[in-house]
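Reader: Please take one part, the surroundings of the ligand, and describe it closely. Then continue into the loops and ring pairs of the chain, with the cut-offs behind each term.

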Amino acid sequence: MSRLSRARGPRLGLSSLGIHGGSEAPGPGDPLVPPLIQSSTFMAGGPGDEVLYTRYGNNPLQLLVGRKVAELEGAEAGLVLGSGMAAISMTVLALVRSGDHVVASSHLYGTTLTLLRDELPRRGIETTLVDPSSGRGWRSALRESTRLIYLEAPTNPTLRVVDLGPIVELAHARGLTLVMDATFATPVNLRPLEIGVDVVVHSATKYLGGHHDLVGGVVAGTRSVVDEVAETMKVYGPAADPHMVWLLDRGLRTLDVRVRRHNENAMAIARWLEGRDEVGAVLYPGLESHPDHVVASELFRAGDGFGGMVSFVLSGGGKAADRFVGALELVRAAPSLGGATSLVSQPRYTSHVGLSAAERASWGIPDGFVRLSVGLEDADDLLRDLEQALESSGT
Ligand SMILES: *Cc1c(COP(=O)(O)O)cnc(C)c1O
């Protein structure tokens, strides 16, 4: 980073950081946009000089986007990896050893749950899952060997927002590392490090990339933690492909404006859904009816940006949800989230397919539950599409 931008760094807003963060101010004749550095290796320096190699994560473009992510999160350092799961698994593996214990929220992205519940025990690491809304559960789950607390907010697909304050206090009092997956929030709505979280991870596949055209992940935290994650990545190998990193840099340039539009569209849709007879419940942290509305209002940076994810339950149950999804014309039925196109999915077919209907219902995901990733289309067009699909859902 040039001296100029470093001096200005802390005072730049998120939009400016998304555009200028991590890079030197270009000089005469330089390309305005950092070029794609599609090279696996780099000319050697002298004896003892650092070896540059794209799997090590020190391709100059990887480094640039890592710095940009760090600036967006207010972190000392950042690293880009090959997927969200690469970021999550390399972070967890970097921070725990055989014999260590992890305490994690039970409301996690499915593959993260698989990592903690099925994969880590094979390496001698145990995890205790805690219902994130049970205030005292966190404390009683801790053991002598606990090293790490892991959680997400907002959660998928019920969009619960845990009160982070007490968990931050607990983690600090016990000297534990608190890791948070903030994929659903983005740094526009929540900067976890500012409230005492130690390490933040994202699936960059979602809002950070923002266009449904890349798979990537990021981690941000202290220099020493990020260096450990990079060393772990070196061994396991899930490095970020340069072309993906270039696309991610492009996505980050518009992150702030995009997420604000996602927030606005989602709020409008959530309020509109609340007034519809076909809809039994709407789950959106921006609605007063949401169980965590107060917590979310205090936690989220702007106090008025609650994210682009809206979930709702159709009173007609699973059949109505199938008809509704089948009738949508503009909103696409596809898994994933966080991009320009509005996407809809039913957790009973995707993230929660492995549970029985009764188990899902006990998690607050009855048949008829629909998850909507509100995109960047015109809100009026989305409302019209939702309206015609709701009207066909009953017939
Ligand atoms: C998608 C997602 C992941 C996994 O990310 P990939 O980029 O698909 O590996 C992890 N956490 C959350 C909350 C996600 O939505």
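Author: Thr205 places a polar side-chain atom 2.6 Å from an oxygen atom of the ligand. Ser203 also directs a polar side-chain atom to an oxygen atom of the ligand, at 2.8 Å, while Asp181 has a polar side-chain atom 2.7 Å from a nitrogen atom of the ligand. On its own the ligand has 390 Å² of accessible area, and the protein covers 91% of it. The distances above can be read against the definition of a polar contact, a pair of N or O atoms within 3.5 Å; within protein, one atom must be able to donate a hydrogen and the other to accept it, and residues adjacent in sequence count only if both atoms are side-chain atoms. Accessible areas come from the Shrake-Rupley method with a 1.4 Å probe, and for residues only the protein chains shown count as cover.

The model is predicted, and local features therefore need pLDDT of at least 70, side-chain atom pairs count only at pLDDT 80 or more, and totals for chains, interfaces and linings use all residues. Residues are numbered from 1 along each chain as its sequence is written, and side-chain values use heavy atoms, with hydrogens and water left out.

Around the ligand there are 14 residues, of which Met85, Asp181, Ser203, Thr205 and Lys206 come nearest; a residue counts as near if one of its heavy atoms lies within 4 Å. This shell divides into 5 nonpolar, 6 polar and 3 charged residues. Here Ala, Val, Leu, Ile, Met, Phe, Trp, Tyr, Cys and Pro count as nonpolar, Asp, Glu, Lys and Arg as charged, and the others, Gly among them, as polar. Helix H4 (residues 84-95) supplies the largest share of the shell, 3 residues. Helices (H or I, at least four residues) and strands (E, at least two) are DSSP runs, numbered from the N terminus.

Tyr207 is found in the loop between strand S6 (199-203) and strand S7 (217-221). With a relative accessible area of 2%, Tyr207 is buried; buried means under 20% relative accessible area, exposed over 50%, and partly exposed in between (1.4 Å probe, protein chains only). Although 133 residues separate Tyr207 and Ala340 along the chain, their C-alpha atoms are 8.8 Å apart.

The loop between strand S4 (146-152) and helix H7 (164-173) contains Asn156, as well as Pro154, Pro157 and Leu159. A cis peptide bond joins Ala153 to Pro154, with omega about -15°. Another cis bond, with omega about -5°, links Asn156 and Pro157. Asn156 counts as buried because its relative accessibility is 8%, and its side chain makes a polar contact of 2.9 Å with that of Arg371. Leu159, which is not a glycine, has a positive phi of about 60°. Its relative accessibility of 2% makes Leu159 buried.

Ser336, in the loop between strand S10 (332-333) and strand S11 (343-345), likewise has a positive phi, near 80°, and is a residue other than glycine. Ser336 is partly exposed, with a relative accessible area of 28%. As background to these backbone features, most residues other than glycine have a negative phi, and most peptide bonds are trans.

The ring pairs remain. The structure holds 4 aromatic pairs. The centres of the Phe300 and Phe306 rings lie 5.9 Å apart with their planes at 50°, so this pair is tilted. The rings of Phe312 and Phe324 have centres 5.7 Å apart and planes at 85°, so they form an edge-to-face pair. This pair links distant parts of the chain, with Phe312 in strand S9 (residues 309-314) and Phe324 in helix H13 (residues 317-327), 12 residues apart. Rings of Phe, Tyr and Trp (its six-membered ring) pair if their centres lie within 6.5 Å; planes under 30 degrees apart count as stacked, over 60 as edge-to-face and the rest as tilted. Phe300 and Phe306 are buried, and Phe312 and Phe324 are both buried as well. Ring pairs join Tyr284, Phe300 and Phe306 into a cluster.

Elsewhere, Tyr56 has the charged end of Lys234 over its ring, 4.4 Å from the ring centre. A charge sits over a ring if NZ of Lys or CZ of Arg is within 6 Å of the ring centre and within 35 degrees of the ring normal.
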